[in-house]
Amino acid sequence: MRKSVLQGRRFIGFALLFLLLTLLPLVLSRLPKGKYYLHIIILVLLYAYLSTAWNILGGYAGQHSLGNGLYLGVGAYVSTVLFLKLGLTPWIGMWIAGAAAALLGWFVGYVCFRYGLKGGYFALVTIALAEAAVYLTTNIRWVGGAMGLEVTWLGHRPLLMQFEGKTGYYYIILVMAALSILYTAWLDRRRFGYYLVAVRENDRAADALGVDPLKIKTQANVISAFMTGLGGTFFAQYFTYIHPRLVFGEGPSVQILLFAIIGGLGTVWGPSVGALILVPVAEFTRAQLSGSFAGASLLLYGAVLMLVMLFMPRGILGVVKNVSQKFGQRGKPTTSELSGQGGG
Amino acid sequence: MSITLSFPLLAQAFVSGTMLGGVFALIAIGLTLIWGVMGIINFAHGEFLMIGMYIAYFLAAKTGLDPYLTILVTVPALFLIGAGIFRANIQPVLKDPVMNQILLTVGLMLVLQNLTLVLFTATPMSIDNPYNRTTFNVGPVVIPLSNLLGLVGSLVGVAILWWFLQYTDMGRAIRAASQNRDAATLMGIDVRRTYLVAFGIGSACVGLAASLMIPFYYVSPLVGSFLGLVAFVVVVLGGMGNVLGALVGGLVIGLSETMGAAILPGSLSRVLTFAIFILVLLFRPQGIFRRSQT
C-alpha cells in the first residue's frame with residue numbers, strides 16, 4: 001500500500017510547475033532584458049541543483065562537507081579534458097565525469113567515515129582535499145595549470161552541448177534540477193532516507209538496530225558526489241571557462257552548502273528555496289556595483305550565513321515547518337518530521 | 001620537471017622553514033587556545049591575522065613607524081576585535097551544534113575577506129624596511145634579520161602565553177574552564193568572562209604574529225585564507241589545546257612548506273602540507289604526541 005511520490009496531488013503540483021518553467025524562455029524572449037533574467041534563472045537552477053546534491057549527505061545524513069567544490073571541479077575538468085584532448089562530446093563526458101566524482105566520493109567517504117571523522121574534523125578534511133586539488137591542478141600544465149581550460153566554442157552544436165543563446169542550457173539545468181528534487185522527494189519518504197536520518201540523529205543507535213552507518217554515509221557521499229560531478233560538466237559548458245580556484249576553491253564549496261542551510265537542511269525544497277531567494281539578490285547587487293567587484297556576492301552570502309546561524313539555524317523551511325506542524329499533518333511522515341531537530 | 005638538489009639549497013630551506021615555523025606556531029596557538037577552551041573551531045582565525053597585518057602595514061607604511069613598534073597597536077586591537085566578535089557572534093551560539101558554530105565563523109570569514117577586498121583591492125602589499133634588507137651569512141645560508149626576529153618574537157610570545165596560562169589566576173581559570181565548564185562554574189569561576197578573555201587572547205596572538213610577519217611577508221585580502229588553514233594543520237598535528245605541540249607542529253609545517261618548495265616544482269609543496277593534514281586527521285586526530293583516548 002505504498003503511495004508513490006509520483007502519484008497524487010504532490011506530483012501534479014510538481015508537474016505543473018515544471019511545465020510552467022519550460023514555457024519561461026518563450027515569455028522572457030519578449031522582455032527587453034530577457035537574456036539577462038534567463039542567465040540569473042540558470043544560476044538559480046544550477047545552485048539549487050548543486051545544493052540539493054549536497055543536502056543528501058549534509059542535510060539528511062548530517063555530515064557537512066565544506067569542500068564539495070572537489071566534486072564540482074572533478075566533473076568540470078574530466079569532461080572538459082575529454083572534450084579538448086579526445087574530442088569526446090560532453091554528453092558522454094558528463095557520465096564519465098560523474099563516475100569519476102562518484103569514485104572519489106566513495107573513496108573520501110569510506111576513508112573518512114571508516115576512521116570515524118565527524119563534525120568539524122570531517123569539514124576540515126573536505127576543505128583540505130578541495131584546497132589540495134586547487135594546488136594540484138595549478139601545477140599540472142597538461143590541464144592548463146593556473147590559467148585553466150577554455151571550452152573551445154565551435155558554434156551552435158547541440159550534440160557537443162554548445163548552444164547559441166542561453167535557452168539550450170536552461171533546459172538542461174531545468175531537467176537536472178527537477179530530477180534532483182524528485183529524487184530527494186522520493187528519498188524523503190523511503191527507507192534509505194530514514195536510514196540517513198537515523199544515522200544523523202544517533203549513529204550508534206542506528207548501528208545497534210542494524211543500519212550500518214559507514215555504508216549509509218558512504219552511499220550518501222557517492223550519490224552526492226555523482227550529482228555534483230554532473231553539475232561540474234554543466235558548469236564548464238555553460239561558463240566555457242574553468243580554472244582551479246573557480247571550481248575547486250572556497251567560493252563554490254561554500255555556495256553549494258549555503259543555499260541548503262539557508263533554505264532548510266534535510267528538506268526537499270530547502271536548497272531550491274535558498275537559491276531562489278539569494279542568487280538573484282546577489283546577482284543584482286553585483287550588477288549595481290558595476291560588475292567590477294567579484295566579492296560582492298560572497299560578502300552578502302557571508303553576512304546572510306551569519307544571520308541565519310544566529311537567528312534561525314533551522315533555515316527558512318525549518319521556520320515554515322514549525323508553523324505548519326501546529327495545524328497537523330496527514331499521511332506518512334517525512335524524514336524531517338521524524339527528528340526533533342532538522343539538522344545539526 | 002627538473003629537480004635539482006644541492007646542500008646549500010636544502011640548508012637554506014631548513015633554516016627558513018624553522019623561522020617560518022615559529023610564526024606558524026604563534027598563529028596556531030591562538031587558534032588552539034580558542035578551540036581547546038570553548039570548543040569553537042574559528043574559521044575566521046586567518047582573517048583576524050589578515051586584519052592585524054593590514055593594521056601593521058598601514059601604520060608602518062603611512063606613519064613611518066618601526067614595524068616592530070606596531071605590536072603596541074596590533075596586539076590590543078586584535079584583543080578588542082576578538083572580544084567584541086565573541087560577544088556579538090560567538091557567545092550566542094556557544095550551546096548550539098558544532099556545525100552551526102563552524103558555519104557562523106565561515107560566514108564571518110567570507111565577510112572579512114570580501115570586505116577587505118572592497119576596501120583595499122586584491123593587490124598584495126608589503127613594506128620596504130631595513131630589517132628585511134639586513135642579512136647574516138652562516139656558511140651558505142642567508143638569514144634576513146626580519147625572519148630571525150620573527151622567530152624570536154614568536155618564541156617570546158609563546159613563552160609569555162605559557163607563563164600566563166600556568167601562573168596567573170586568569171590563566172588558571174581559563175584552564176579550569178577548558179577542563180570542565182560546570183565544575184569551574186561551581187568553583188566560582190565566571191566562565192563567560194573567562195571565555196571572553198580566552199577568545200581575546202587567542203586573537204591577540206595573531207595580532208602579534210601580524211606585526212612580526214609584516215617586515216617579510218606580503219598582505220592581501222586572501223592571505224588569511226591559506227595561513228588560517230596552515231594554523232589548522234599545525235593545531236591538529238600538535239594536538240588540540242596543546243601549546244608545546246603547536247610549537248612542534250609549526251616547525252613541521254614550516255619545514256614542509258620550505259623544504260617542499262625546494263624539492264617540488266611550483267606550489268606543489270602546498271599539496272604536501274594538505275596531505276600531512278589529511279593523514280594526521282585520519283590516523284592521529286588527537287595529535288602526534290597524545291596517546292589515543294581509548
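**Stop one: the core**

Start by selecting Ile173(A), Ile27(B), Met53(B), Ala209(B) and Val234(B): of the 197 residues in the largest nonpolar core, these touch the most other members. A nonpolar core here is a set of buried Ala, Val, Leu, Ile, Met, Phe, Trp, Tyr and Cys residues joined through C-beta atoms within 7 Å. Buried means that 20 or more other C-beta atoms lie within 10 Å of a residue's own, with C-beta atoms placed from the backbone. Helix α1 of chain B (residues 7–38) gives the most to this core, with 16 residues.

Before moving on, know that this is a predicted model, where local features need pLDDT of at least 70 and side-chain atom pairs count only at pLDDT 80 or more, while totals for chains, interfaces and linings use all residues. Residues are numbered from 1 along each chain as its sequence is written, with chains lettered from A and ligands numbered from 1 in the order in which they are written.

**Stop two: around Ile27(B)**

Zoom in on Ile27(B). Leaving aside neighbours within four places in sequence, Ile27(B) is in contact (C-beta atoms, placed from the backbone, within 7 Å) with Leu49(B), Cys205(B), Val206(B), Ala209(B), Leu227(B) and Ala231(B).

**Stop three: α10(B)**

Now select residues 223–238 of chain B, which form helix α10. Helices are DSSP runs (H or I, at least four residues), numbered from the N terminus. How many of the residues of α10(B) are buried? The count is 14 of 16, so the helix is mostly covered, by the definition of buried. Just after α10(B), click Gly239(B), which takes a positive phi of about 95°.

Definitions and conventions:
Helices (H or I, at least four residues) and strands (E, at least two) are DSSP runs, numbered from the N terminus. The expected span of a helix is 1.5 Å times one less than its number of residues. A residue is buried if 20 or more other C-beta atoms lie within 10 Å of its own, exposed if 12 or fewer, and partly exposed in between; C-beta atoms are placed from the backbone. Two residues are in contact if their C-beta atoms, placed from the backbone, lie within 7 Å.
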